[in-house]
Amino acid sequence: MKILIIRFSSIGDIVLTTPVIRCLKTQADNAEIHYVTKAQYQTILESNPYVDKLFLLKGNLNEVIDELKNEQYDLVIDLHNNLRTRILKWKLGKPSFSFNKLNIEKWLMVNFKINKLPEVHIVDRYMETVKSLNVKLDALGLDYFIPEKDEVPWDWFPESHRSGFVAYAIGAQHETKKLPVHRMIELCKKINRPVILLGGKEDADNGEQVRTFIENENHNTERKAVIYNACGKFNLNQSASILKKADYVFSHDTGLLHIAAALKKEVFGIWGNTIPAFGMYPFRTASHSLENDKLNCRPCSKIGFNKCPKGHFKCMNEIEFDFILK
């Protein structure tokens, strides 16, 4: 059976589809698994041994459709379920299954705070698409495969971090998913251990503000919160390698949260305008949620905004950190 899996974006969402890939490959008879995603996410899947062929969407949907038509699939599994994936399925003209995005339930929760969301992780909802094939979720969690060339050796780390460190993924796609810089500083001070800040080039300035503040304060205290700002210095697989070496991982609601879960790290998820109840909390790893659950305006979006719609940003400004000391 030749099966095509569709998930165009983004980092965390693609990582969350990996149990479907693995379970199909290992449980369906003679399954050949193909996957189509956007070109910028190639590195997430190119080392996955359960993916037989990877197709990359570089712009025009028609370009990849012509390639996919030649494969003559037996089945299409749509784990994205948006307009472009529906066009793709229609053009391929093959039997397909699509996952339920729970758009109505999320809309009710965001707009009226009526909670009709099932207490089900998104991985379980992804797995519903292959239920008719008698493929069931195994006990292995998420997958993330780091190629040997991207493993970061210990001698690349500052000497202050070679005996152990905490990783903190400070980025996120939307500002309302990120702690303000002054709260990032507060969190790092509470952790009070060597910390590596992870993120893209767009996060480097925030990381540098955190690093310089802590460094200046350390001259007058006995704090151990030595900061290494790695934002923008490593590619995604190298960042995953750093996560793998960390003692603990702190992360906003972003892709590195799920990569950390795939690597079976103990994860502290930091939640702002989004909520774990949407079903995208760390999967099958030790985890803790840092969130302000006393607000009647939260969640204000299922994705995020550039700034707090209410102007107060209490979801991030009033998260309690004291329990970390315990």
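Colleague: Which residue of E7 stands opposite Ala 167?

Modeller: In this predicted model, Ala 167 has Ile 196 of E7 as the residue opposite. The model is predicted, with local features needing pLDDT of at least 70 and side-chain atom pairs counting only at pLDDT 80 or more, while totals for chains, interfaces and linings use all residues. Residues are numbered from 1 along each chain as its sequence is written, and side-chain values use heavy atoms, with hydrogens and water left out.

Colleague: What makes both faces of strand E7 count as covered?

Modeller: A residue is buried under 20% relative accessible area, exposed over 50%, and partly exposed in between, using a 1.4 Å probe and protein chains only. In E7, residues 195-198, Val 195 and Leu 197 on one side are buried, as are Ile 196 and Leu 198 on the other.

Colleague: Why is E9 described as largely enclosed, and to which strand does E6 connect it?

Modeller: E9 is largely enclosed by the rest of the structure because 4 of its 5 residues are buried. E9 is joined to E6 by 4 bridges, and these strands run parallel; one of the pairings is that of Ala 169 with Ser 251 in E9. A further 4 bridges join E9, in parallel, to strand E10, residues 267-270, where Phe 268 is the bridge partner of Phe 250. Between these two strands the chain passes through H11, and this β-α-β crossover is right-handed.

Colleague: What makes a crossover right-handed, and which elements form such a unit with E6?

Modeller: With the strands pointing away from the viewer, the path from the first strand over the helix to the second has to run clockwise. The unit made by E6, helix H8 (residues 181-191) and E7 is right-handed.

Colleague: Why is the contact between Glu 175 and Lys 178 called a salt bridge?

Modeller: The term asks for a side-chain nitrogen of Lys or Arg within 4 Å of a carboxyl oxygen of Asp or Glu. Glu 175 and Lys 178 meet at 2.9 Å, N to O, so the pair qualifies. Glu 175 counts as partly exposed because its relative accessibility is 39%, whereas Lys 178, at 7%, counts as buried.

Colleague: How many salt bridges does the structure hold, and which parts of the chain does the one between Lys 177 and Asp 253 link?

Modeller: There are 20 salt bridges in the structure. Lys 177 and Asp 253 meet at 3.6 Å, N to O. This pair links distant parts of the chain, 76 residues apart, with Lys 177 in the loop between E6 and H8 and Asp 253 in the loop between strand E9 (248-252) and helix H11 (255-262). Both residues, Lys 177 and Asp 253, are buried.

Colleague: Is Arg 298, the partner of Glu 291, buried or exposed?

Modeller: Arg 298 has 10% relative accessibility and therefore counts as buried, while Glu 291, at 26%, is partly exposed. Their closest N and O atoms are 2.8 Å apart. Elsewhere, a network of salt bridges links Lys 2, Lys 53 and Glu 71.

Technical notes: Pairing = 2+ DSSP bridges.
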